[in-house]
Every structure is written in C-alpha cells, then in structure tokens.
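Reader: I would like to learn how to read this structure with care, feature by feature, and I would be glad of the general idea before each case.

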Amino acid sequence: MSGRRVSGMQAWALQRITAVYLALYIAYMIGLFIFAPPASHDAWQLWMAQPHVSMSTLLFFGSLLFHAWVGIRNILLDYIKPFGLRLALLTAVGLGLMACGAWSLEVVMSARIV
Amino acid sequence: MRLLSNNEMHRLSIEHENFLRMMKTKQRPIHLDLRRIRMPVNAITSIGHRISGVLIFLLMPAGIFLLDLSLMGPDGFATVVAVFNSFLGKAVLLLLMWAFVHHLLAGLRCISIDIDLGVEKPFFLKTAQAVLFAALPVAFLLWVAL
C-alpha cells in the first residue's frame, strides 16, 4: 500500500478473507461429524490422508493462525498500553501461533505418511 | 495487496483527518475502561465476539493435540473418543460451540455493516440482539446433534 495512508487495510482484508474460508471449513466439518462421523481410526486416518482433505486442513490451520493473529493483536493493542508488556505479549502470541502452525503441519503430514 | 484506488484512499484519508479533528475539538473522553463504558446490546455482542475469539485461540493447542492423538493409532483414537464422551469434554465442546456460533454470526454482522447493510439505528440494534440470542440455541442444537 503506497505510503500506507490507509494503514490497517491489509489486516482488515486478511481478517475477512480468512473468515470466509474458516466458516466454510468448520461448517463442513461439523456437518461431517453430525451426519457421517468416522467409525474407526483407520477410516479417520484414510480420510485425512486424501490429498484434498489434508490440503484444505492445512489451509484451515494457516487461515486460523493469520485470523487469530489479527484478532488477538487488535485486542492487545486496545487494552495493553505499557510498551514493554505489549511487545512481550505480542511476541509470545506470535511465537505461540507459529509453533501451533508448525505442529499442525507435522500432524497433518504425518497422517499421510503412515 | 492494493485494494483501493488513489481517489478512494485520498477520500478515506480526508475522512480520517476530519474524524481526528472532530475528536480533538469535542474533547471526548478517550478510554477503554470496561467498567465505565455504557454497554448497549451491540456492545455486549461485540465484547462477546472478542471473548469467543480469545476462547477459540486458547483452545487451539488442545485441538491440535487431540487431532494428533486421534491420528496416531487405534489407542489414541479411542482416547479422543473417550475425552469427547466425558463430562468435561462435553462441557468444553458446548462452550466451544457457543464460541464458534457467536463468533460466526457476529462476524457476518460485521461484514454486513462493512458493506453498509444494517447501519441504521433500529436495525443495527436488532441484528446485535439477534446474534446475541440466536447463538445460544443454535450452539445447543449443534452440540446435541454431535
């Protein structure tokens, strides 16, 4: 965004685009668990190992992390005024989200390897 | 990512400057002290949006842990099924369902206000009320169906 005269526009757009994907994925998963819950570990693992399922699940986690980052950052910027504490909390949340991202990548990919 | 034309950005920055000038001249109290802010229904829906978001954020590691366990093997899968059938598991799932449904409905309301739908006063408060009170039964029904 040239000169960033409208700062926050990227976060605003990111929040809404990821929201749409998250809503669709979660609605689909709730539907799946209501109407056709996986009966056994094998069925669940085989379902998750399908390329389109693992890929959309990874996209779900990616979207969730960005969505959470924008949301939690907004809340921290609103309520935490001391600069040091704000920086520490933002860093902790950022690192925590990145760790969750790496972990979910590992979990989803390992379902494909077994 | 470029979402606005130069003209649109210029118009927005003028609006922003006008807003800042208005805030300065009117000497409004600027604070976010939740105990001193009057809370009409839209404010309660909005704070619920934040609380539900934080709740989902906090439950995320537990969710990834359970997904990991369920995919590890038949034993792990059985453990996860047992967790969801336990009292605590069911209670947390009900809370999570409320958080998801409230967050989703409040988010949809937010997007509709972005595109100038439902900004006028009676409707604005009605939709806030609808989100606040619809989230509970919808979440409960989903929880029962699961």
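**Reading the two chains**

Author: In chain A, 73% of the contacts with a separation of 6 or more are between residues 24 or more positions apart, where a contact means that the C-beta atoms of two residues, placed from the backbone, lie within 7 Å. This is a predicted model, in which local features need pLDDT of at least 70 and side-chain atom pairs count only at pLDDT 80 or more, while totals for chains, interfaces and linings use all residues. Residues are numbered from 1 along each chain as its sequence is written, and chains are lettered from A and ligands numbered from 1 in the order in which they are written.

Reader: What does chain A average out to in shape, and which pattern does it follow along the sequence?

Author: Helices (H or I, at least four residues) and strands (E, at least two) are DSSP runs, numbered from the N terminus. Chain A has four helices and zero strands, in the order α-α-α-α. Its radius of gyration, taken over C-alpha atoms, is 18 Å, well over the 13 Å that the globule rule (2.2 Å times the number of residues to the power 0.38) gives for 114 residues, so chain A is more spread out than a compact globule. The C-alpha trace of chain A spans about 50 × 25 × 25 Å along its principal axes.

Reader: Which residues touch the most other members of the largest nonpolar core?

Author: In soluble globular proteins, nonpolar side chains tend to be buried together. A nonpolar core is a set of buried Ala, Val, Leu, Ile, Met, Phe, Trp, Tyr and Cys residues joined through C-beta atoms within 7 Å; buried means that 20 or more other C-beta atoms lie within 10 Å of a residue's own, exposed 12 or fewer, and partly exposed in between. Here the largest core has 23 residues, and those that touch the most other members include A:Leu64, B:Trp98 and B:Phe100. The largest share of this core, eight residues, comes from α4(B).

Reader: How many residues of chain B are in contact with chain A, and which element gives the most?

Author: On each side the count is 29 residues, and on the side of chain B α2(B) gives the most, with eleven. That side divides into 21 nonpolar, five polar and three charged residues, where Ala, Val, Leu, Ile, Met, Phe, Trp, Tyr, Cys and Pro count as nonpolar, Asp, Glu, Lys and Arg as charged, and the others, Gly among them, as polar.
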